[in-house]
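Visitor: I'm new to protein structures, and I'd like to know where the labels come from. Could you walk me through this one?

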Amino acid sequence: MYRPLKFLSKWTKRAAEHAESGGQTAQGISDEALRAVYAAASWLIDYPGDELLERLPAISGVLDRAGVPAHLREDLDKTIGHLGAVDPIGMRADYVETFDTRRRGCLFLTYFSNGDTRKRGQALLQIKEIYRSAGLDMDESQLPDHLTYVLEFAAGHDLAAGVRILLTHRAGIELLRLHLTEIDSPWAGTIRAVCSTLPALDGDDVHAVQRLAAEGPATETVGLDGLGGYGSSAPAPGGCSAGGQHTFIPLSDVTGERS
């Protein structure tokens with residue numbers, strides 16, 4: 001099994017550098033715009049229940065007020081436009097098919113970096129510790145690596161620490177972007193916008209992600225109970241998503257808050 005260890009170690013190092021210097025995002029994007037992008041993305045990739053559909057105008061308003069760069073706004077608007085235009089029942093079925101039944105569409109970041117191995121438990125604990133350091137604590141029934149939670153954390157609590165988590169798990173986010181683009185998913189633009197806030201990949205990085213997409217993460221079926229159901233070929237009970245359970249911040253609290 002091929003593992004892009006060079007890629008993973010590179011971005012783990014960049015995450016550590018970010019923690020020290022606070023400067024590992026793409027150039028030309030203000031902190032306010034970053035927070036707005038991450039807040040919008042956290043909602044747009046969550047399960048499209050009635051509450052989310054009602055919030056679409058508010059999400060657009062957050063992006064307007066933050067002055068989000070045009071290329072990021074264009075990608076996010078593609079998802080917003082889709083969610084506001086299609087039949088909700090069909091859209092929800094599409095969401096489940098996209099994120100809950102395909103491993104390449106999984107929103108739990110530590111799965112991509114650690115696969116079905118016992119190392120994933122330690123990775124989850126590391127993310128929980130970052131949350132606790134910011135004054136947050138998650139219920140034991142929730143996995144802290146779900147991308148909606150990580151993005152909300154960056155948007156509304158600790159931008160630097162949130163970006164550090166994104167950088168550490170860059171391989172999984174890029175794999176998700178490639179997968180959604182390949183299937184022409186309406187959620188592809190949102191993940192593309194998140195990736196565009198991070199430093200550019202070089203050629204070796206792109207190749208490593210492509211190899212990971214082709215061969216998949218490592219597999220180990222021992223000691224994986226409670227880690228999202230990836231110890232078997234069957235989908236996790238209740239699917240791979242967080243089921244729309246946002247726990248951290250209301251959308252109205254995103255702008256104007258600084259870490």
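This is a predicted model: local features need pLDDT of at least 70, side-chain atom pairs count only at pLDDT 80 or more; totals for chains, interfaces and linings use all residues.

Visitor: What makes up the secondary structure of the chain?

Guide: Helices: the chain has twelve helices and zero strands. Buried residues make up 53% of its 259 residues.

Visitor: Why are α2 and α3 called roughly antiparallel?

Guide: Check the angle. Helix α2 (residues 31-44) and helix α3 (residues 50-66) pack at about 165°, and angles over 145 degrees count as roughly antiparallel. The angle is over the cut-off, so α2 and α3 get that label. Their axes are 9 Å apart, and their crossing is left-handed.

Visitor: Which residues of α2 and α3 meet?

Guide: From α2 there are Glu32, Ala33, Ala36, Val37, Ala40, Trp43 and Leu44. Across from them in α3 are Glu51, Leu52, Arg55, Leu56, Ile59, Val62, Leu63, Arg65 and Ala66. Sorted by class, this contact has twelve nonpolar, no polar and four charged residues.

Visitor: How do you know that Ile59 is buried rather than exposed?

Guide: Ile59, which sits in helix α3, has a relative accessibility of 1%. Buried means under 20%, so Ile59 counts as buried. Ile59 and Ala36 are 23 residues apart in sequence, while their C-alpha atoms are 8.6 Å apart in space.

Visitor: What makes α2 roughly antiparallel to α11?

Guide: The axes of α2 and helix α11 (residues 188-196) cross at roughly 150° and come within 10 Å. With the line drawn at over 145 degrees, α2 therefore counts as roughly antiparallel to α11. This crossing is left-handed.

Visitor: Which residues does that contact of α2 with α11 involve?

Guide: Val37, Tyr38, Ala41 and Leu44 in α2 meet Thr190, Ala193 and Val194 in α11. They divide into six nonpolar, one polar and no charged.

Visitor: Why is helix α9 described as largely enclosed?

Guide: Count its buried residues. Helix α9 (residues 159-168) has ten residues and seven of them are buried, so the rest of the structure largely encloses it. The buried ones are Leu159, Ala161, Gly162, Val163, Ile165, Leu166 and Leu167. At the start of α9, a side-chain oxygen of Asp158 comes to within 3.3 Å of the backbone nitrogen of Ala160.

Visitor: Is His146 buried or exposed, and how do you know?

Guide: His146 lies in the loop between α7 (119-133) and α8 (147-156). Its relative accessibility is 0%, and buried means under 20%, so His146 counts as buried.

Visitor: What makes the pair of His146 and Thr148 a polar contact?

Guide: Look at the distance between the side chains. His146 and Thr148 come to 2.6 Å, and a polar contact needs N or O atoms within 3.5 Å, one able to donate a hydrogen and the other to accept it. The side chains of His146 and Thr148 make such a contact.

Visitor: And Asp184, is it buried or exposed?

Guide: Asp184 is found in the loop between α10 (170-182) and α11. Its relative accessibility is 66%, and exposed means over 50%, so Asp184 counts as exposed. Its phi is near 55°, a positive value in a residue other than glycine.

Terms used: Residues are numbered from 1 along each chain as its sequence is written. Side-chain values use heavy atoms; hydrogens and water are left out. Axes are lines fitted to C-alpha atoms, for helices over the stretch in contact, and angles run from 0 to 180 degrees between N-to-C directions. Helices (H or I, at least four residues) and strands (E, at least two) are DSSP runs, numbered from the N terminus. Angles under 35 degrees count as roughly parallel, over 145 as roughly antiparallel, 65 to 115 as roughly perpendicular and the rest as oblique. A crossing is left-handed if the near helix is turned anticlockwise from the far one by less than a right angle, and right-handed if clockwise. Contact means heavy atoms within 4.5 Å. Ala, Val, Leu, Ile, Met, Phe, Trp, Tyr, Cys and Pro count as nonpolar, Asp, Glu, Lys and Arg as charged, and the others, Gly among them, as polar. Buried means under 20% relative accessible area, exposed over 50%, partly exposed in between (1.4 Å probe, protein chains only).
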